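Colleague: I am new to this structure. Please walk me through reading its side chains.

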Amino acid sequence: MAGNQRVYKQRIRSTQTLQKVFRAMELIASSRIGAARRNAEEAGPYDHALSQAVAAVGTYSNLDHPITQERTDTKRVAVLVVTSDRGMAGAYSATILRESERLIDQLVEEGKEPVVFTFGRRAHSYFTFRGRDVERSWVGESDRPTDATIDEVSSVLLRYFLAPATDGGVSQVHVVFTRYVSMVKQVPEVRRMLPLTVVDLEDRDEVSWADVSKEGAKVLERPDASGLQPLYEFVPSAEVVLDALLTRYVRSRIRDAVLQAAASELASRQQAMHTATDNAQDLITRYTRLANAARQGDITQEITEIVSGADALGAE
């Protein structure tokens, strides 16, 4: 029985050590989630205003831009998979990887050739382990992405989309990420970033901005009651304005996806570590009870041996 006490005490010590690690990781995620949530939420008004500006230029200038045109000269399709750099975040990365595999299988069935880009070490390790080529990878900033990295990601994807087919250009750009809804709800999402689609909604009350933005669409405000359309004057020209706005729009949408994923990762990690801390405490309580039971058994056995010995001496 004494051996059982040693085993239980060792398990208690090791579980207490893990509990401290889980608690520390929970506190770190809690300290960062506030800034990540603000960054993700504050980007919304800018994205909305930029989308309206792009829609206005694209609609009233009657110009075609390479970013808004469907490509038929290549079957290559870029897929950016956004996961975490580290584990301890529950099913956060696993859910995104399943969605990315589903998207890749769908593209292959359509006769297209997926080109994988990864943001986060988990996605890079996953595809590398399975022998799938990764065109470009960004690691080390999944929970705290910097503007420089976001600019690099958007520039690379835009360059691939605008490149000729002979230089490895792609016909579409998809992003698989996790959209932050609340601290207890994060939703995996597949969003087509390129080519962009300009839509004019008859009634914006019937279609939410979130539904439209999933397809990378730009939304126009509903005309006023008089039915008069606004007049625009483009300086220096509609072509220059559209080119500047579209590149900013692509960066804005990719930035939104990365920031949403960062907030989702921290929220998932905080929940996972909180649950792990509680489970560790339950194990400690259980092992403590078992150790006490083993100790009580040892005491009872020793008393029984003493009483038996005394009885044997008295019988002599």
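Modeller: Start with Gln270. Setting aside neighbours within four places in sequence, Gln270 is in contact with Glu26, Ala29, Ser30, Ile33 and Met183. Contact means heavy atoms within 4.5 Å. This is a predicted model: local features need pLDDT of at least 70, side-chain atom pairs count only at pLDDT 80 or more, and totals for chains, interfaces and linings use all residues. Residues are numbered from 1 along each chain as its sequence is written, and side-chain values use heavy atoms, with hydrogens and water left out.

Colleague: With which side chain does the side chain of Gln270 make a polar contact?

Modeller: First, the term. A polar contact is a pair of N or O atoms within 3.5 Å; within protein, one must be able to donate a hydrogen and the other to accept it, and residues adjacent in sequence count only if both atoms are side-chain atoms. Here the partner is the side chain of Ser30, at 2.8 Å.

Colleague: Where is Gln270, and is Gln270 buried or exposed?

Modeller: Buried means under 20% relative accessible area, exposed over 50%, and partly exposed in between (1.4 Å probe, protein chains only). Gln270 has 18% relative accessibility, so it counts as buried. It sits in helix α6. Helices (H or I, at least four residues) and strands (E, at least two) are DSSP runs, numbered from the N terminus.

Colleague: How do I read a pair of aromatic rings?

Modeller: Such a pair is described by the distance of the centres and the angle of the planes. Rings of Phe, Tyr and Trp (its six-membered ring) pair if their centres lie within 6.5 Å; planes under 30 degrees apart count as stacked, over 60 as edge-to-face and the rest as tilted. This structure holds three aromatic pairs. In one of them, Tyr8 and Tyr287 have ring centres 6.5 Å apart and planes at 25°, so they are stacked. Tyr8 lies in helix α1 (residues 2–60) and Tyr287 in helix α6 (residues 238–315), 279 residues apart. Both Tyr8 and Tyr287 are buried.

Colleague: Why is the pair of Phe117 and Tyr160 edge-to-face?

Modeller: Their planes stand at 85°, with centres 5.1 Å apart, so the pair is edge-to-face. Phe117 is in strand β2 (residues 113–119) and Tyr160 in helix α4 (residues 147–162), so the pair ties together parts 43 residues apart in sequence. Phe117 is buried, at 0% relative accessible area. Tyr160 also counts as buried, at 18%.
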